[in-house]
Amino acid sequence: MLIPFNFSKTAKKALDYAVHFVGQDKDLKIILGYVSESHDIDILKEAFKAVEEEYAKILKNKIEWIAIKGELTQSLVKIQEDEQVDLIIMGTFGAFDNEDSSPTNTSKLVLEIDCAVLVVPFVTNKTEIKNIGLVLGKEEIEDKSVLDTLLKVARRFNAKVYVITIENSEGIYGYSSTEEKNENSLEYYLEDFYSEHVFIENPDVVKGVLEYASSKELDMIAILPNNHAKKSEPSKGALTEMFTLHSQIPVLAID
């Protein structure tokens, strides 16, 4: 796992969440990625040493860190590729993100990186993962293997997955051949962790999902960004950005 880490409150929040996620699993490793235009390596060594010591008794594997110079997103992409990172966990202040960077940095990373990104809002108090909401539209899930990532998370925490479709336009939902294919894929890939598929009327997709997440006390929202879609027109990530800006619970963008 890779965590963009600049010693800020949001980065620390992401690290705390990741440590809980990893626990004593010897097969999982946390890498902290420090990105800046310039840095003093000796000062960084001391700072990261303190971080390593803080979590040494909790984790099975020692926390590693990498310092790299350059633009944030491009640098994180390079680390992800070089280290074969499977998951990036990134902290954010959401719509109030004015401490670390532009609030669009998180959504920009989600759209450019070729791996799953888990966005952890600073305001969240979620640590356990028991109920996950997967946001799904009427489009076909092109790459069914992305559901395997969600299955791994659900299996790890024995969590239930609730699939959420927002009815924000005219039409009949849940009965098309495409939606039937999606349903079959959900049942196959998510196994017994798939709980139910709910359809909610709301003109605002984000608002509809967040209201449901609150009423159902979900611990995580999962989305499938289609910015790399091949059959349909790739999106520009507006929905992804809205969720990362406004959700008060972690958002898992699966690519």
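Modeller: A crossing of two helices is right-handed if the near helix is turned clockwise from the far one by less than a right angle, and left-handed if anticlockwise. The model discussed here is predicted.

Biologist: How are α3 and α4 oriented to each other?

Modeller: The two helices pack with their axes 10 Å apart, at an angle of about 40 degrees. Angles under 35 degrees would count as roughly parallel, and 65 to 115 as roughly perpendicular. The orientation of α3 and α4 is therefore oblique.

Biologist: How many nonpolar, polar and charged residues has the contact of α3 with α4?

Modeller: From α3, the contact takes Leu72, Thr73, Leu76 and Val77. Asn105, Lys108, Leu109 and Glu112 come from α4. By class, the residues are four nonpolar, two polar and two charged.

Biologist: Which residues of α6 make the contact with α5?

Modeller: Helix α6 spans residues 177-190, and its axis lies 9 Å from that of α5 at an angle of about 45 degrees. That makes α5 oblique to α6, and the crossing is right-handed. On the α5 side the contact is made by Leu147, Leu150 and Leu151. On the α6 side it is made by Ser185, Leu186, Tyr189 and Leu190.

Biologist: How many charged residues are in the contact of α1 with α2?

Modeller: Helix α1 (residues 9-22) and helix α2 (residues 41-55) cross at roughly 35 degrees, their axes coming within 12 Å. Lys12, Leu15, Asp16 and Val19 of α1 meet Val51, Glu54 and Tyr55 of α2. Four residues of this contact are nonpolar and none is polar, while the number charged is three.

Biologist: How many charged residues does the lining of the second largest pocket have?

Modeller: Twelve of them are nonpolar and three are polar, and the charged residues number ten.

How values were computed. Residues numbered from 1 in each chain as written. Predicted model: local features only at pLDDT ≥ 70, side-chain atom pairs only at ≥ 80, totals over all residues. Heavy atoms only, no water. Nonpolar A, V, L, I, M, F, W, Y, C, P; charged D, E, K, R; others polar. Axes fitted to C-alpha atoms, helices over the stretch in contact; angles between N-to-C directions. Helix = DSSP H or I, 4+ residues; strand = E, 2+ residues; numbered from the N terminus. Parallel < 35°, antiparallel > 145°, perpendicular 65-115°, else oblique. Contact = heavy atoms within 4.5 Å.
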